[in-house]
Each structure stands twice: as structure tokens, then as C-alpha cells.
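Me: I have a protein model open and would like to talk it through step by step. Could we begin with the overall picture and then turn to particular residues?
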Amino acid sequence: MKLLERSRKVIQPFTNSIRRKLIVLMILITCLPLIAVIIFAITDARNKLEAEIIQSNTSKIETSALFMDDQLEFLDNILFSVMADKDITHYMETSSEEAAASLFMIQNYIFSTLSTLYLPNLNSFDEITLYKKETDKSYALRNGVGHVLLRQSEHRPWNRLGNIKPAYVVGSPEEENFHMYRTFYRFIDHEIRGGVDLFVKWSAFGQVFQSLKTEDKSLILVMDEQGRVVYRPYGSMEPRMDISVIFTGMKSYPDDLFFKSNSHYVFYEKVARGNMYLVKLIPTSLVAESSRGTLSFSIAVGFIVILASVVASVNIANRASAPILKLIRAISLTEETNSDRFIESNRTDEIGLLEQKYGKIIQSRYLLHIEKRTAQLKALQAQINPHFLHNALQSIGAMAIVRNMPEIYRIIQALSQSFRYTMTKGQDLVTLREELEHVENYLRIQEFRFKDRINFKIEMTPGLDRALLPPLTLQPLVENAFEHAFPHKRGSWEIQIEAYLDDERLKIIINDNGTGISELRLDEIRQKLAQEAGKVIDIQESMALTNIHARLKAIFGDNSGLEIESKLAQGTRITLDFPYYSPDKRGDRIEAVSDYRG
């Protein structure tokens, strides 16, 4: 009863006033659709980002597993080559022990054969061992030195012989190696005679793990058939992470390569003929963190629009009810004066009937104007960072690795980083290190295009890597050399970039050995720099010399800018000169112009 009574008290003011009813109705009409659109936009952004993560990483885990299997197949071929050696086979199948001289020759031959396989594959395994069960003796080649070991039957993997296919012995996640071995059978009666073992380095699969590590918070694991983590190349697992739950999910979806747990996106694929799993875990919180910017922006815009809608609704309701209130007051006044002179009216609606009754007093003093406003609802388009393009290029790079094309992988990496820099560096100032890395990526791409023609050198005084400058300042100047200085230049093309500090001022010099600029054209360029020095051109427009010169002056002051020197057939030298600032020493000048673009 108390709740009902309180509800009536809240509703009562609205039932007695048409103006309040209009206010509530207008707020509901404008705000409810807007809230629905905001919720839809946020949900759509999360779904798209999640779909991108799933699609990209499913492809990556499948490609990486194939590459890892290829490497394991290569190691298995090494085991086969030992087992296929006829002299080693004869030694393994022979029951009686050889004479000392003969045994010495056999031992030398074994170590020679193992060394032939060991030396070219130092990056793949640390040790290769041949074990003979009858003599309980093993011949191990480790660090280029042969060792004859006795009483080895209780040591792994020799205590596990009996497999037909290649088998594996793995340890704890902290160990950097694992055993890959095959059992040696006698052909006639299939008696176990021994085995061949490789002590494989996990680092041999470093490129596989690196190609999967595309998110900072992702976790790469290798698990065995029982669900134990046998290797973890990066980072450590969360204390509360239950691997058994993740492995159960993997067993529940054996052919899907992906499933989503309560805390992680799990991507997995069998490797080593089903003996192990290659697993990648991405926290589900990554989607929320990635879409946090969109969520904050949507809430801010939604709050502003809702506030504007409330103000507009109140205003419209007041204006809509004002003529009626004025008409009521006029009617009351007319009734009080008992006048019936002004009753003419051309209206045919309900208000017209009232006007006809009360005359021209109502018509002359009040005109009803009701403005109708329609709320323009803008769907908020989700802002997804350039992860898709970056991941797509990374996937192409992974394919290049699989197909043993390291040069293509390197150029894809340079192109990916270049795209990422140009699409994400929207701030006003960046560090010199970031800008020089972007220039180096650009030069690597050009080096790929013009093989054996480009020589470049980038020098920077230690400690200047955090110096601040506008983004995309140096790369356009280097690009000018390829556009204008090198096309008609014979021989090698040389670019030299030098950055140093001179009396608290940063100087960056770009030299090329191109065809140079004529004196007439050089004077025109210098005059143009002087005339347009006060103009600031948006960063997305032409990146000409005048633009860069104007931006430096606008940010660092009139005593900053660039100078150009050139001689025909000798090359061009561009010098950039502006005050030195770092993130720890920005200064009032930088703070005042950091948003100069308006």
C-alpha cells in the first residue's frame, strides 16, 4: 500500500498537466530510440571485433600447426636416415659383440654418421643419440663431442621403447628441450634392438610461436595428449587459470579449432601426429578493452544527445502548451468582462469554434505556433583499430614463412609496420625513434623494389630517441629523393640521415647523391618557403617541403624550419632545425601549440 501511495504521488503532477505529459512523451520518443541505437552500436562493435579475432587466429593456428608439423617431419627424416644406414643396421641387428678393433671402427663410423646429421642442424637439436638395447650402451653426440654411455636402459627415452611411429618425451614447461625418438626393430622377427633419439630444441619452433603472438595478453602453449602443459614460450599463466577446463573443452570440440570458455578464446590444433596440441589463449577481456574507446565515446555522445533531447522536449512542450494556456486566460478574461463583440473566425477546428465564440480578442493576441522537431539519430559506427589489416599482413607473412620465403616475410613486416604507423599516429607529436623506424621501413620497401641499388645509413646521437617532432616529417623528404633525385641517376643511390643536438636544438640532416637541383629551381623553392612559412597545412594534405616547413614553424616557432642545398649532379642536402623537446621536457611552447590543427 505504501508503494502504491508513493507511486500515485509521483504520477499525480503529470496527470494534472498537459504540459508535463507532453514533456514525458517527447523525452520517451527521442531518448528510447537513441538508447536502442547506442546499445546496438556497442554490441555490433564487440561482435565484429570478436569475429575478426576468431577468424584471424583460427587461420593462424592452422597455418602454424602445419609449419610445426613440417619441421617435425624433417626431424623424423633425420631419425629415418640413421635407421636406414646399412652399416648401423647391421651393427644393431648383430647379437655378438665385435672385436675391439672392429668395435672401434664401428664406433667411429657411428659418430661420423651422427656428426654428419648433427652439424647442419645445430639450431634444431642439441643432441643425437643411438642406443643398442643388447649392450645397454648409447652413442651420444653433444656439442660436437661423442660420448659412449653405459647402463642406459632406465633412462628416458630408452625405458619407453616399443613405438612404431615417432614418439616424444616432454618435461615441464620450463624445460627448453624435448626427446623425439624412434624404436629400432630387427627386420626378421621385429625384436626391439634399440632406438634413435633427438634432444630437440623448442626454440627451433620460435617462428611458429612468434607468428601466433599477435596480441600482448595472449598465451601460447604446447600441451600433450593428457592435457599437461609441456612448453610455454612467452610469459606465465594466470594463477587462477584451470588448464583442465580448457583441455576438456578442446576434447569436446576436436574438429573446430576454436571454442570460447568463460575467460578465454581458445584456438588449438593437433601437431606431432596427434601427440601434442598447439594452443593459443586470448583473454575474453581483450574485446572489452579494445572496444572501451567506442563504449566511452558512445556513452559521451549519448549523454549529450539525451540532454539535448530533454531540453528540446521541455522547450517544445512549453511552446506547444503555451497557446492553450494563453487561450484559457483569454477566455477567462472575456468571461469576466462579459464581452461578445469579437466572435468572428475563419477556423473550422475546435480552436476555431472557441475563437468564433470569444471573437477577435483571442485571434489578435494569440496565434498558435507548434514546431515539430525530428531527432536526427546517428548510428555510431564502431571504431576498430587497424588490427585486421595488420593481422592480414601478419597472416600473409606467416604463409611466406611456411613456404620458406623469408625475404617476402621481411617486406610484409615492413609494409605492415608502415601501414600501422600512418594509420595510428594521429597525435600531434611523435618521438624521433618512431619517426626513424618508419623511415627505415620505407627504405626497406624501396630496397626490395630496387635491389642492389640503394645504400642508406641512419645515425642518431645517443639519447635523442625520445625527441619530439611532428609525425610524417622525415619520410616525405626521403620519398622526394626517390621521386625527383634518383630516377635519372645512374649507379648506386645513397641516402644518409643524421640527427644530433646543437646547443639545445635538434638538427636532422638528409643527404642524397641524386641528380641535384638547378640554381633557378632552387631559388624558386627557397622563395616559396619564405612566402608560405606562415601557413599550416593539415597533415593529411600534400606533404611538400612548404608544408613541413610551415608545420615546424607553427609548432616550434619562427626560428625553426628547414633549409635546402643542392648542386647539379652532386646531390641535395636538407637540414631541419628546431628546439629539442622530449616527453619529460615539453615546455610551455609545445603545450600551447600541441593542438594547432584546430
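The conversation below goes from the whole chain to single residues and pairs.

Me: What kind of model is this?
Reply: This is a predicted model.

Me: How many helices and strands does the chain have?
Reply: There are 17 helices and 18 strands in the chain.

Me: And how much of the chain is buried?
Reply: Of the 598 residues in the chain, 44% are buried. The chain exposes about 33,400 Å², and carbon and sulfur atoms supply 54% of that area.

Me: What share of the contacts comes from residues 24 or more positions apart?
Reply: Counting contacts with a separation of 6 or more, 62% are made by residues 24 or more positions apart.

Me: Which residue pairs with Arg-273?
Reply: Arg-273 forms a salt bridge with Asp-76, and their closest N and O atoms are 3.4 Å apart. This pair links distant parts of the chain, since Arg-273 is in the loop between strand 10 and strand 11, Asp-76 is in helix 2, and 197 residues separate them.

Me: Are those two buried or exposed?
Reply: Asp-76 is buried, with 1% relative accessibility. Arg-273 counts as partly exposed, at 45%.

Me: What about Lys-201 and Asp-126?
Reply: Their side chains meet in a salt bridge, at 3.3 Å from N to O. Lys-201 belongs to strand 6 (residues 192-201) and Asp-126 to strand 1 (residues 125-132), so the pair ties together parts that are 75 residues apart in sequence.

Me: Why does Lys-201 count as buried?
Reply: Its relative accessible area is 19%, and buried means under 20%. Asp-126 has 24%, so this residue is partly exposed.

Me: Which residues are linked in a network of salt bridges?
Reply: Glu-134, Arg-186, Asp-189, Glu-191 and Arg-193 are linked in such a network.

Me: Now Arg-505. Where is it found?
Reply: Arg-505 is found in strand 16, which runs over residues 505-512. This residue is buried, with a relative accessible area of 18%.

Me: What does its side chain make a polar contact with?
Reply: The side chain of Arg-505 makes a polar contact with the side chain of Asp-577, at 2.9 Å. Beyond its neighbours within four places in sequence, Arg-505 is in contact with several residues, including Tyr-500, Asn-559, Phe-578 and Tyr-580.

Me: And Thr-422, what does it touch?
Reply: Not counting residues up to four places away in sequence, Thr-422 touches His-438 and Leu-472. Thr-422 lies in helix 12 (residues 406-424) and is partly exposed, with a relative accessible area of 39%. Between Thr-422 and His-438 the C-alpha to C-alpha distance is 8.7 Å, and they are 16 residues apart in sequence.

Me: One last topic: which residues make the nonpolar surface patch?
Reply: Val-24, Leu-28, Leu-32, Ile-35 and Ile-39 make a nonpolar surface patch of about 420 Å². Ile-39 is in helix 2 (residues 18-83) and counts as partly exposed, at 49% relative accessibility.

Key:
Residues are numbered from 1 along each chain as its sequence is written. This is a predicted model: local features need pLDDT of at least 70, side-chain atom pairs count only at pLDDT 80 or more; totals for chains, interfaces and linings use all residues. Side-chain values use heavy atoms; hydrogens and water are left out. Helices (H or I, at least four residues) and strands (E, at least two) are DSSP runs, numbered from the N terminus. Buried means under 20% relative accessible area, exposed over 50%, partly exposed in between (1.4 Å probe, protein chains only). A polar contact is a pair of N or O atoms within 3.5 Å; within protein, one must be able to donate a hydrogen and the other to accept it, and residues adjacent in sequence count only if both atoms are side-chain atoms. Contact means heavy atoms within 4.5 Å. Accessible areas come from the Shrake-Rupley method with a 1.4 Å probe; for residues, only the protein chains shown count as cover. Patches are made of residues with over 30% relative accessible area and no salt bridge: like charges are joined within 9 Å, nonpolar side chains (Val, Leu, Ile, Met, Phe, Trp, Tyr) within 5 Å. A salt bridge is a side-chain nitrogen of Lys or Arg within 4 Å of a carboxyl oxygen of Asp or Glu.
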